[in-house]
Amino acid sequence: MPRYWLMKSEPFKYSWDDLVAEGEGTWDGVRNHRAKNNLAAMEVGEEAFFYHSREGLEIVGIAEISVSGITDPTDPENKWAAVKVKAKRKLKNPVTLKQIKAEPRLADCELIRLGRLSVAELTPEEWKVILELAGE
DNA sequence: GCCAACGTTGGC
DNA sequence: GCCAACGTTGGC
């Protein structure tokens, strides 16, 4: 069973357009244990929403895990996890944090419950609801 | 720019 | 091993 993810990035540091331009990006620099566990659990081919935090505050597209189970190249001690992702496609309409908060079916998702978690897991149901909000 | 939430650090 | 202080994240 594939799992579904949501990855946050501050667009002035690394935006969806940056990922599109690069083709493939390494998701590193995560220094939170729960986020790390999520990164370590990712498998090649699984999909993740790409969310812009601090600015934008919306899900803009879907990325696909292209390389999983690597150690963070920015961590000299090699204890943190990382993955590589490829831009898959843009959402038809971006889904804002406001829309997510207004949707009762998403009240329990990690993104809302653990606001500061930079890599969150979504259930298949939550994934579908967000696609619905995107007009898909 | 502020502040709440949360993780980490360090003194005891 | 507890907990206060501090730093960081991220929404507002």
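## Strands and a charged patch in a predicted model

Helix 1 (residues 16-22) supplies the largest share of the negative patch, three residues. Helices (H or I, at least four residues) and strands (E, at least two) are DSSP runs, numbered from the N terminus. This is a predicted model: local features need pLDDT of at least 70, side-chain atom pairs count only at pLDDT 80 or more, and totals for chains, interfaces and linings use all residues. Residues are numbered from 1 along each chain as its sequence is written, chains are lettered from A and ligands numbered from 1 in the order in which they are written, and side-chain values use heavy atoms, with hydrogens and water left out.

The negative surface patch consists of Asp17, Asp18, Glu22 and Glu24. Patches take residues with over 30% relative accessible area and no salt bridge, and like charges are joined within 9 Å. A salt bridge is a side-chain nitrogen of Lys or Arg within 4 Å of a carboxyl oxygen of Asp or Glu. Glu24 belongs to strand 2 and is partly exposed, with a relative accessible area of 31%. Buried means under 20% relative accessible area, exposed over 50%, and partly exposed in between (1.4 Å probe, protein chains only).

In a regular strand the side chains alternate between the two faces of the sheet. Thr26 has Lys84 in strand 5 as its bridge partner.

Strand 3 (residues 47-52) is largely enclosed by the rest of the structure, because six of its six residues are buried. On one side these are Glu47, Phe49 and Tyr51, and on the other Ala48, Phe50 and His52. The pairings are tabulated below; two strands pair if DSSP finds at least two bridges between them.

| Strands | Sense | Bridges |
|---|---|---|
| Strand 2 and strand 5 (residues 81-96) | antiparallel | four |
| Strand 1 (residues 4-9) and strand 3 | parallel | six |
| Strand 3 and strand 4 | antiparallel | six |

Within strand 3, Glu47 is the bridge partner of Tyr4, and His52 stands opposite Glu58 in strand 4. Strand 3 and strand 4 form a hairpin with five residues between them, and Arg54 in the turn has a positive phi of about 65°.

Ile62 lies in strand 4 (residues 58-71) and counts as buried at 1% relative accessibility. The C-alpha atoms of Ile62 and Asp18 are separated by 14 Å, with the two residues 44 apart along the chain.

Conventions. Patches are made of residues with over 30% relative accessible area and no salt bridge: like charges are joined within 9 Å, nonpolar side chains (Val, Leu, Ile, Met, Phe, Trp, Tyr) within 5 Å. Accessible areas come from the Shrake-Rupley method with a 1.4 Å probe; for residues, only the protein chains shown count as cover. Lys and Arg count as positive and Asp and Glu as negative; His and the chain ends are not counted. The place of a charge is taken as NZ of Lys, CZ of Arg, CG of Asp or CD of Glu.
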